[in-house]
Amino acid sequence: MQETQCLPFFHPTRVAFVDDDRKFLEFFPRTIGTDIPVSRYDSPRKLLADLAAGRIETRIDLKCWTAYGGHITDESHEHMLGLDKAKIFTRVFARQRFGSLSVAVIDFDMPEMDGLDLCRAISHLPCRKILLTGQATESQAVAAFNEGLIDCFVSKSDPHLKAAIRERILRYQRAFIADETRLIRHALRTETYATWDDLGLGHLLLGLREERGIVEYYAVSDPAEGYLLVDAEGNGLLLLAFCSPTLEAQWTSARLSGAPTDVLERLRKRQAGLYFSDERGDRILDPERWRHACVDLRPFPTDPDCYFGLVEHCRPFDVSPETVLGLRGFLAGRE
(Lines give C-alpha, C1' and ligand atoms only; values in the text may rest on other atoms or scores of the structure.)
Protein backbone atom coordinates (compact mmCIF):
# COMPACT_ATOMS: atom_id res chain seq x y z
CA MET A 1 0.00 0.00 0.00
CA GLN A 2 1.33 3.42 -0.96
CA GLU A 3 2.19 5.95 1.74
CA THR A 4 -0.30 8.39 0.21
CA GLN A 5 -3.18 5.92 0.26
CA CYS A 6 -5.51 6.57 3.17
CA LEU A 7 -6.35 4.03 5.84
CA PRO A 8 -9.74 3.93 7.62
CA PHE A 9 -7.86 5.37 10.60
CA PHE A 10 -4.31 5.88 11.77
CA HIS A 11 -2.63 6.70 15.06
CA PRO A 12 0.87 6.00 16.41
CA THR A 13 1.38 2.61 18.05
CA ARG A 14 3.83 1.13 20.55
CA VAL A 15 7.44 0.28 19.69
CA ALA A 16 9.33 -2.05 22.05
CA PHE A 17 13.13 -1.76 22.25
CA VAL A 18 14.82 -4.86 23.69
CA ASP A 19 18.52 -4.56 24.50
CA ASP A 20 20.66 -5.55 27.49
CA ASP A 21 22.79 -2.39 26.97
CA ARG A 22 21.00 -0.07 29.37
CA LYS A 23 22.79 3.05 28.17
CA PHE A 24 21.76 2.37 24.60
CA LEU A 25 18.25 1.61 25.79
CA GLU A 26 18.04 4.83 27.75
CA PHE A 27 19.35 7.24 25.14
CA PHE A 28 18.79 5.82 21.63
CA PRO A 29 14.95 5.68 21.60
CA ARG A 30 14.88 9.39 22.46
CA THR A 31 16.79 10.22 19.29
CA ILE A 32 14.23 8.79 16.88
CA GLY A 33 11.56 11.37 17.70
CA THR A 34 9.09 12.43 20.35
CA ASP A 35 6.05 11.20 18.41
CA ILE A 36 6.58 7.47 18.91
CA PRO A 37 5.28 5.58 22.00
CA VAL A 38 8.24 3.54 23.28
CA SER A 39 8.65 0.73 25.81
CA ARG A 40 12.15 -0.30 26.90
CA TYR A 41 13.20 -3.81 27.98
CA ASP A 42 16.70 -4.69 29.18
CA SER A 43 15.69 -8.35 29.24
CA PRO A 44 13.86 -10.43 26.60
CA ARG A 45 12.15 -12.40 29.36
CA LYS A 46 10.61 -9.21 30.77
CA LEU A 47 8.96 -8.54 27.42
CA LEU A 48 7.74 -12.13 27.20
CA ALA A 49 6.38 -11.89 30.75
CA ASP A 50 4.44 -8.71 29.92
CA LEU A 51 3.03 -10.35 26.79
CA ALA A 52 2.04 -13.50 28.67
CA ALA A 53 0.35 -11.45 31.40
CA GLY A 54 -1.61 -9.42 28.84
CA ARG A 55 0.01 -6.16 29.90
CA ILE A 56 0.71 -5.33 26.24
CA GLU A 57 -1.97 -5.26 23.57
CA THR A 58 -0.82 -7.07 20.44
CA ARG A 59 -3.90 -6.48 18.25
CA ILE A 60 -6.26 -3.59 17.60
CA ASP A 61 -9.68 -4.04 19.15
CA LEU A 62 -12.08 -2.93 16.42
CA LYS A 63 -15.59 -2.21 17.64
CA CYS A 64 -17.16 -1.05 14.41
CA TRP A 65 -18.91 -4.24 13.32
CA THR A 66 -22.57 -4.90 13.97
CA ALA A 67 -24.71 -7.96 13.40
CA TYR A 68 -26.86 -7.87 10.29
CA GLY A 69 -30.27 -6.54 11.27
CA GLY A 70 -32.37 -7.66 8.33
CA HIS A 71 -34.44 -10.79 7.85
CA ILE A 72 -32.23 -13.69 6.73
CA THR A 73 -33.70 -16.96 5.50
CA ASP A 74 -30.42 -18.52 4.34
CA GLU A 75 -28.81 -20.17 7.39
CA SER A 76 -25.33 -19.75 5.87
CA HIS A 77 -25.70 -15.97 6.28
CA GLU A 78 -27.14 -15.89 9.78
CA HIS A 79 -23.87 -14.58 11.25
CA MET A 80 -23.26 -11.80 8.74
CA LEU A 81 -21.71 -8.62 10.10
CA GLY A 82 -21.99 -5.12 8.76
CA LEU A 83 -19.58 -2.21 9.04
CA ASP A 84 -20.89 0.65 11.14
CA LYS A 85 -18.85 3.50 9.65
CA ALA A 86 -20.08 5.88 12.34
CA LYS A 87 -18.08 3.91 14.92
CA ILE A 88 -14.70 4.21 13.22
CA PHE A 89 -13.98 7.66 14.60
CA THR A 90 -14.92 6.65 18.16
CA ARG A 91 -11.53 4.96 18.45
CA VAL A 92 -10.14 8.45 19.14
CA PHE A 93 -11.75 8.20 22.59
CA ALA A 94 -9.94 4.92 23.41
CA ARG A 95 -7.30 6.20 25.84
CA GLN A 96 -4.97 3.22 25.28
CA ARG A 97 -5.15 3.29 21.46
CA PHE A 98 -1.45 4.17 21.24
CA GLY A 99 -0.45 1.09 23.25
CA SER A 100 -0.83 -1.71 20.69
CA LEU A 101 2.55 -3.28 19.90
CA SER A 102 3.32 -2.72 16.22
CA VAL A 103 7.15 -2.88 16.09
CA ALA A 104 9.84 -4.63 18.12
CA VAL A 105 13.45 -3.43 17.77
CA ILE A 106 15.59 -6.27 19.12
CA ASP A 107 19.33 -6.51 19.71
CA PHE A 108 20.89 -9.73 18.43
CA ASP A 109 23.56 -10.21 21.09
CA MET A 110 21.95 -10.61 24.52
CA PRO A 111 23.15 -13.02 27.25
CA GLU A 112 19.93 -14.64 28.47
CA MET A 113 18.38 -15.09 25.00
CA ASP A 114 19.68 -13.92 21.66
CA GLY A 115 17.57 -11.72 19.42
CA LEU A 116 16.64 -14.47 16.98
CA ASP A 117 15.35 -16.71 19.78
CA LEU A 118 13.18 -13.82 20.98
CA CYS A 119 11.91 -13.26 17.44
CA ARG A 120 10.96 -16.94 17.27
CA ALA A 121 9.17 -16.65 20.61
CA ILE A 122 7.01 -13.78 19.30
CA SER A 123 6.74 -14.95 15.68
CA HIS A 124 2.99 -15.48 16.12
CA LEU A 125 2.43 -11.78 16.81
CA PRO A 126 1.53 -9.34 14.01
CA CYS A 127 4.16 -6.80 15.07
CA ARG A 128 7.11 -6.15 12.75
CA LYS A 129 10.55 -7.17 13.96
CA ILE A 130 13.74 -5.17 13.41
CA LEU A 131 16.97 -6.91 14.38
CA LEU A 132 20.03 -4.89 15.45
CA THR A 133 23.18 -6.72 14.40
CA GLY A 134 26.95 -6.60 14.65
CA GLN A 135 29.35 -7.57 11.88
CA ALA A 136 29.66 -11.12 13.22
CA THR A 137 25.91 -11.72 13.14
CA GLU A 138 24.92 -10.29 9.76
CA SER A 139 25.00 -13.65 7.99
CA GLN A 140 22.59 -15.07 10.56
CA ALA A 141 20.38 -12.01 10.14
CA VAL A 142 20.27 -12.53 6.38
CA ALA A 143 19.17 -16.13 6.90
CA ALA A 144 16.51 -15.02 9.41
CA PHE A 145 15.21 -12.42 6.96
CA ASN A 146 15.01 -15.00 4.16
CA GLU A 147 13.18 -17.31 6.54
CA GLY A 148 10.63 -14.57 7.29
CA LEU A 149 11.54 -14.52 10.97
CA ILE A 150 12.43 -10.80 10.91
CA ASP A 151 11.26 -7.93 8.72
CA CYS A 152 14.64 -6.22 8.44
CA PHE A 153 18.03 -5.95 10.11
CA VAL A 154 20.23 -2.91 10.68
CA SER A 155 23.82 -2.82 11.84
CA LYS A 156 24.33 -1.04 15.15
CA SER A 157 27.42 0.54 13.63
CA ASP A 158 25.49 2.06 10.73
CA PRO A 159 26.29 5.80 10.75
CA HIS A 160 22.69 6.48 9.73
CA LEU A 161 21.18 4.17 12.35
CA LYS A 162 18.76 6.75 13.80
CA ALA A 163 17.30 7.70 10.42
CA ALA A 164 17.10 4.08 9.27
CA ILE A 165 15.29 2.92 12.40
CA ARG A 166 12.85 5.83 12.39
CA GLU A 167 11.99 5.32 8.71
CA ARG A 168 11.32 1.63 9.28
CA ILE A 169 9.27 2.24 12.41
CA LEU A 170 7.00 4.76 10.68
CA ARG A 171 6.54 2.45 7.72
CA TYR A 172 5.84 -0.57 9.91
CA GLN A 173 3.40 1.27 12.19
CA ARG A 174 1.35 2.08 9.11
CA ALA A 175 1.63 -1.46 7.74
CA PHE A 176 0.47 -2.85 11.10
CA ILE A 177 -2.73 -0.79 11.01
CA ALA A 178 -3.22 -1.55 7.31
CA ASP A 179 -3.15 -5.28 8.12
CA GLU A 180 -5.44 -4.89 11.12
CA THR A 181 -8.01 -2.91 9.09
CA ARG A 182 -8.00 -5.04 5.94
CA LEU A 183 -11.65 -6.07 6.31
CA ILE A 184 -12.71 -2.48 7.04
CA ARG A 185 -10.93 -1.25 3.92
CA HIS A 186 -12.65 -3.92 1.86
CA ALA A 187 -16.04 -2.86 3.24
CA LEU A 188 -15.37 0.83 2.59
CA ARG A 189 -14.52 0.12 -1.06
CA THR A 190 -18.15 -0.82 -1.58
CA GLU A 191 -19.11 2.84 -1.08
CA THR A 192 -20.69 4.56 -4.08
CA TYR A 193 -18.00 7.23 -3.94
CA ALA A 194 -14.67 5.68 -2.96
CA THR A 195 -13.09 8.59 -1.10
CA TRP A 196 -11.28 6.16 1.18
CA ASP A 197 -8.70 5.01 -1.38
CA ASP A 198 -8.31 8.26 -3.31
CA LEU A 199 -4.63 9.14 -3.79
CA GLY A 200 -5.47 12.83 -4.14
CA LEU A 201 -7.03 12.83 -0.70
CA GLY A 202 -4.01 10.92 0.58
CA HIS A 203 -1.63 13.59 -0.74
CA LEU A 204 -3.73 16.30 0.90
CA LEU A 205 -3.80 14.41 4.17
CA LEU A 206 -0.03 13.93 4.12
CA GLY A 207 0.49 17.66 3.59
CA LEU A 208 -1.91 18.58 6.37
CA ARG A 209 -0.18 16.19 8.74
CA GLU A 210 3.05 18.10 8.22
CA GLU A 211 1.48 21.58 8.13
CA ARG A 212 -0.91 21.23 11.05
CA GLY A 213 0.90 18.70 13.23
CA ILE A 214 -1.69 15.97 12.63
CA VAL A 215 -0.72 12.65 14.23
CA GLU A 216 -3.95 10.65 13.89
CA TYR A 217 -6.95 10.53 11.55
CA TYR A 218 -10.29 8.71 11.34
CA ALA A 219 -12.76 8.23 8.49
CA VAL A 220 -16.18 9.83 9.00
CA SER A 221 -19.25 9.53 6.81
CA ASP A 222 -22.05 11.35 8.58
CA PRO A 223 -23.09 14.16 8.34
CA ALA A 224 -20.45 14.41 5.59
CA GLU A 225 -17.73 12.21 4.16
CA GLY A 226 -14.07 12.74 4.93
CA TYR A 227 -11.59 12.48 7.77
CA LEU A 228 -11.41 13.69 11.34
CA LEU A 229 -7.83 14.89 11.88
CA VAL A 230 -6.35 15.12 15.38
CA ASP A 231 -3.10 16.78 16.48
CA ALA A 232 -0.80 15.71 19.32
CA GLU A 233 -2.76 17.76 21.87
CA GLY A 234 -6.13 16.24 20.92
CA ASN A 235 -7.48 19.14 18.84
CA GLY A 236 -9.76 18.11 15.99
CA LEU A 237 -10.10 19.33 12.40
CA LEU A 238 -12.39 18.05 9.66
CA LEU A 239 -11.20 17.34 6.14
CA LEU A 240 -14.34 16.93 4.04
CA ALA A 241 -14.51 15.48 0.53
CA PHE A 242 -17.16 16.25 -2.08
CA CYS A 243 -17.71 14.78 -5.53
CA SER A 244 -19.62 16.49 -8.36
CA PRO A 245 -22.78 14.34 -7.97
CA THR A 246 -22.89 15.22 -4.27
CA LEU A 247 -22.55 18.93 -4.98
CA GLU A 248 -25.21 18.73 -7.69
CA ALA A 249 -27.58 17.06 -5.22
CA GLN A 250 -26.78 19.74 -2.62
CA TRP A 251 -27.54 22.50 -5.15
CA THR A 252 -30.90 20.93 -6.03
CA SER A 253 -31.87 20.43 -2.40
CA ALA A 254 -30.77 23.97 -1.46
CA ARG A 255 -32.73 25.51 -4.35
CA LEU A 256 -35.89 23.65 -3.37
CA SER A 257 -35.37 24.65 0.29
CA GLY A 258 -35.11 28.37 -0.46
CA ALA A 259 -31.36 28.93 -0.04
CA PRO A 260 -30.09 32.47 -0.82
CA THR A 261 -29.01 33.20 -4.39
CA ASP A 262 -25.36 33.73 -3.44
CA VAL A 263 -25.25 30.31 -1.76
CA LEU A 264 -26.77 28.65 -4.81
CA GLU A 265 -24.26 30.39 -7.05
CA ARG A 266 -21.31 29.20 -4.98
CA LEU A 267 -22.68 25.65 -5.08
CA ARG A 268 -23.21 25.84 -8.82
CA LYS A 269 -19.64 27.06 -9.43
CA ARG A 270 -18.22 24.38 -7.09
CA GLN A 271 -16.78 27.10 -4.87
CA ALA A 272 -18.50 25.74 -1.75
CA GLY A 273 -20.11 22.63 -0.36
CA LEU A 274 -22.69 22.44 2.40
CA TYR A 275 -21.90 21.02 5.80
CA PHE A 276 -24.72 21.00 8.36
CA SER A 277 -23.10 19.95 11.59
CA ASP A 278 -26.19 20.00 13.76
CA GLU A 279 -29.21 20.90 11.62
CA ARG A 280 -30.85 19.50 8.53
CA GLY A 281 -30.42 21.71 5.52
CA ASP A 282 -34.08 21.70 4.50
CA ARG A 283 -35.00 23.23 7.88
CA ILE A 284 -32.59 26.16 7.64
CA LEU A 285 -34.35 29.20 6.24
CA ASP A 286 -32.22 31.97 7.71
CA PRO A 287 -29.80 33.25 5.00
CA GLU A 288 -26.92 33.61 7.44
CA ARG A 289 -27.25 30.03 8.54
CA TRP A 290 -27.11 28.92 4.91
CA ARG A 291 -23.96 30.95 4.44
CA HIS A 292 -22.46 29.60 7.66
CA ALA A 293 -23.02 26.07 6.32
CA CYS A 294 -20.88 26.80 3.23
CA VAL A 295 -17.44 25.22 3.25
CA ASP A 296 -14.86 26.76 0.91
CA LEU A 297 -13.77 24.15 -1.63
CA ARG A 298 -10.64 23.47 -3.59
CA PRO A 299 -10.33 20.81 -6.31
CA PHE A 300 -8.26 17.70 -5.80
CA PRO A 301 -5.07 17.99 -7.85
CA THR A 302 -5.64 14.43 -9.09
CA ASP A 303 -9.33 14.62 -9.99
CA PRO A 304 -11.20 17.67 -11.33
CA ASP A 305 -14.53 16.18 -10.25
CA CYS A 306 -13.51 15.90 -6.59
CA TYR A 307 -13.21 18.73 -4.08
CA PHE A 308 -12.16 19.16 -0.48
CA GLY A 309 -12.74 21.63 2.32
CA LEU A 310 -11.55 22.14 5.88
CA VAL A 311 -13.82 22.77 8.85
CA GLU A 312 -12.04 24.09 11.92
CA HIS A 313 -14.72 22.97 14.36
CA CYS A 314 -15.56 19.29 14.75
CA ARG A 315 -19.24 19.39 15.55
CA PRO A 316 -20.97 17.00 15.93
CA PHE A 317 -17.74 15.13 16.77
CA ASP A 318 -16.89 16.16 20.32
CA VAL A 319 -13.12 16.00 19.90
CA SER A 320 -10.92 18.39 21.87
CA PRO A 321 -8.20 18.22 24.55
CA GLU A 322 -11.02 18.16 27.12
CA THR A 323 -12.50 14.95 25.69
CA VAL A 324 -9.51 13.21 24.06
CA LEU A 325 -6.21 12.05 25.53
CA GLY A 326 -3.85 13.16 22.77
CA LEU A 327 -0.51 11.60 21.92
CA ARG A 328 1.42 14.18 23.93
CA GLY A 329 -0.63 13.46 27.04
CA PHE A 330 -0.25 9.72 26.56
CA LEU A 331 3.51 10.00 26.24
CA ALA A 332 3.61 12.16 29.37
CA GLY A 333 1.72 9.49 31.29
CA ARG A 334 -1.35 11.67 31.90
CA GLU A 335 -4.60 9.92 32.81
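How many bridges join strand β2 to strand β6, and do the two run parallel or antiparallel? There are 5 bridges between β2, residues 14–18, and β6, residues 101–107, and these strands run parallel. Within β6, valine 103 is the bridge partner of valine 15.

A word on the basis. This is a predicted model, in which local features need pLDDT of at least 70, side-chain atom pairs count only at pLDDT 80 or more, and totals for chains, interfaces and linings use all residues. Residues are numbered from 1 along each chain as its sequence is written, and side-chain values use heavy atoms, with hydrogens and water left out. Helices (H or I, at least four residues) and strands (E, at least two) are DSSP runs, numbered from the N terminus; two strands pair if DSSP finds at least two bridges between them.

β2 and β6 belong to an open sheet of 5 strands with parallel pairing, ordered β3-β2-β6-β7-β8. Its edge strands are β3 (38–41) and β8 (152–155), each pairing on one side only. Helix α2, residues 44–52, lies across β2, β3 and β6 and runs at about 125° to β3. Here angles run from 0 to 180 degrees between N-to-C directions, with axes fitted as lines to C-alpha atoms, for helices over the stretch in contact, and contact means heavy atoms within 4.5 Å.

I turn now to the other sheet. In this open sheet, 6 strands pair antiparallel in the order β1-β9-β10-β11-β15-β14. At its edges stand β1 (9–10) and β14 (298–300), each with a single partner strand, so one side of each has no neighbour in the sheet. Alanine 219 stands opposite tyrosine 227 in β10.
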